[in-house]
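Please look at the sequence and the structure before reading on.

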Amino acid sequence: MDNTLFGFLDYAVYGTAVLVMLIGLYGAMVKKSLLKIVIGLSIIDSGLNLLIVAIGYYKGGTAPIFSQGFLENFKSVSKMVDPVPQALVLTAIVIGFGVTAVALALVIRLYRHHGTLNIDEIKNLKW
Amino acid sequence: MIYFILISVLLLLMIAASVYSIVQKDLLYAVMATGIISLILSILYYLLQAPDVALTEAAIGVALTTIIFVITIRNTVRMEDESDKKEKFKSAVK
Amino acid sequence: MKKFLVILLLAVLGYYIADTYFDIGFGQPHFVKSAAPVKDIYLAKTQNPLKVSNAVTSIVVNFRGFDTLGEVTVLFLAVTVLGSVLYKKRHQVGERSVLFNSSSIVTSGSKLLFPAIILLGAYVFIHGHLSPGGGFQGGVIIATGFLLMLLAYENYSVSHTALSIVESLAGITFAGVGLLGFMHGGTFLQNFLPSGVMNNLFSGGVIPIIYIAVGFKVGAELTGVIYTVLHEKGENNG
């Protein structure tokens, strides 16, 4: 990434990640259809993973892989991007997919049992 | 300069796709917008020097999540505010 | 009224979260005030005793290997819950919820693409310690290849027994390699094989063995998920 106009990018990446997370949270809290709520949960996962990976970025850094070109040219470890957040996000993406799959299986069972996906009507059918 | 334009366009597209997927009433289009969010996220991970994470997000977010959502829509409703019992009640009244 | 309250709450939440992250700063080295930052120790140990090219692989499998075992367990639990919630009657096995005839371009093209996708997935998880990739990425690519064949042909089926056997054997291999570390050195999941020259295929000790097991397990599990979801027949559609 270049150094030109970098002052704007300081706030843009963090602001976008937080904004996407808040849009997903709004969808999960306000919408009435169960499928829209599950879509909102999936969007929250995406925004959160971007936020975690964006912390570990250094200006002018390179990917944390010791290849032949790196060993001949650079020879110093301090130019590498932080590898610890990347290892954590790798796990988080797979687990987010697992949670979405289980939630969708429950949505299919609820639709078969009640006949509707509206949470107002499902709450009324209890009595 | 080229990086600045590229990153700004990608971030704006991501916000627009997420707003579209919450607001739209046709659920198939909302699921496609979620796939677009995952694709743009994968490009952003590559620009932030994280190639492992970009591979994982591109494979899981675009391919597998979209197919699971589409099969769920096939087995339940397609538009957001339709249901079985409402249609049966309306047709019985008429 | 409810929407206005929700927007107000989200605005307050977003302000405080964004304020914290703007104070940290983007692109600056953060944790240099402590004596030994974690990142420097991991990168130094990856170069000298361990000699593995991919630093993220060495963190995921070697230094934090127990977390990877936990993640594989959570994925297994999710697949089991999915299989038990979507209950399928015995005599309806074999009926699909998506039945359509694909055109001839799709059928012949997917027959050509399927071996190439499997080969790419196997390459990615075998060379996980030399270039970007690894077990999870390779397993998901293999599952995508099976998804392509399941969508293009009407009567393509993967035998459920074979998937269960592959998945169980891969899980036993992972835990067994960890127990072998007990017998040879000291701790669970310790690296007991010799680490060779950097950038060689046979280097890094136990890491290629564990990643091959994880690649097989994730590929078999996600293929099972897709297969279960595709054979879900509703009662009101045909």
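Helices here are DSSP runs (H or I) of at least four residues, and strands are runs (E) of at least two, numbered from the N terminus. The model is predicted, and everything below should be read with that in mind.

**Chain C**

With these terms, the elements of chain C run α-α-α-α-α-α-α-α from the N terminus on. The count is eight helices and zero strands. Chain C has 238 residues, and 32% of them count as buried. Among the contacts in chain C with a separation of 6 or more, 70% are between residues 24 or more positions apart.

How much of helix α3 of chain C is buried? Eight of the nine residues of this helix (residues 55-63) are buried, so the helix is largely enclosed by the rest of the structure. The buried residues are Ala55(C), Val56(C), Thr57(C), Ser58(C), Ile59(C), Val60(C), Val61(C) and Asn62(C). What do they pack against? In chain C, the partners of these buried residues are α2 (38-50), α4 and α8. The other chains take part too, through α4 of chain A and α3 of chain B.

Along the chain, Ser164(C) and Gly219(C) are 55 residues apart, while their C-alpha atoms are separated by 11 Å.

| Helix pair | Angle between axes | Axis separation | Handedness of crossing |
|---|---|---|---|
| α5(C) and α8(C) | about 145° | 9 Å | right-handed |
| α4(A) and α4(C) | roughly 15° | within 9 Å | left-handed |
| α3(B) and α6(C) | about 35° | 9 Å | left-handed |

In the pair within chain C, α5 covers residues 104-126 and α8 covers residues 207-230. Gly121(C), Phe125(C) and Ile126(C) of α5(C) meet Tyr211(C), Ile212(C), Gly215(C) and Gly219(C) of α8(C). By class, this contact has four nonpolar, three polar and no charged residues.

The second pair joins α4 (residues 84-114) of chain A to α4 (residues 65-85) of chain C, with a crossing angle of roughly 15°. The two helices are therefore roughly parallel to each other. Residues of α4(A) in the contact include Val94(A), Gly98(A), Ala101(A) and Arg109(A), and those of α4(C) include Asp67(C), Glu71(C), Ala78(C) and Val85(C). The contact of α4(A) with α4(C) has 12 nonpolar, two polar and three charged residues.

The contact of α3(B) with α6(C) has 11 nonpolar, three polar and no charged residues.

**Chain B and its neighbours**

The contact between chains B and C takes 13 residues from chain B and 19 residues from chain C. On the side of chain C, α6 (135-152) and α8 each supply at least two residues. The largest share, seven residues, comes from α6(C). This side of chain C divides into 12 nonpolar residues, six polar and one charged.

Chain B also touches chain A, with 40 residues of chain B in contact with 45 residues of chain A. On the side of chain B, the elements that give two or more residues are α1 (2-23), α2 (27-47), α3 (51-75) and α4 (84-93). Of these, α3(B) gives the most, with 11 residues. This side of chain B has 24 nonpolar, 11 polar and five charged residues.

**The nonpolar core**

Which residues have the most contacts inside the largest nonpolar core? They are Leu64(B) and Val140(C), in a core of 97 residues. The element that gives the most to this core is α8(C), with 12 residues. Leaving aside neighbours within four places in sequence, Val140(C) is in contact with Ala59(B), Ile60(B) and Leu64(B) from chain B, and with Val218(C) and Leu222(C) from chain C.

Notes: Residues numbered from 1 in each chain as written. Chains lettered and ligands numbered in written order. Predicted model: local features only at pLDDT ≥ 70, side-chain atom pairs only at ≥ 80, totals over all residues. Axes fitted to C-alpha atoms, helices over the stretch in contact; angles between N-to-C directions. Left-handed = near helix turned anticlockwise from the far one by under 90°. Contact = placed C-beta atoms within 7 Å. Nonpolar A, V, L, I, M, F, W, Y, C, P; charged D, E, K, R; others polar. Core = buried A, V, L, I, M, F, W, Y, C linked by C-beta atoms within 7 Å. Buried ≥ 20, exposed ≤ 12 C-beta atoms within 10 Å, placed from the backbone. Parallel < 35°, antiparallel > 145°, perpendicular 65-115°, else oblique.
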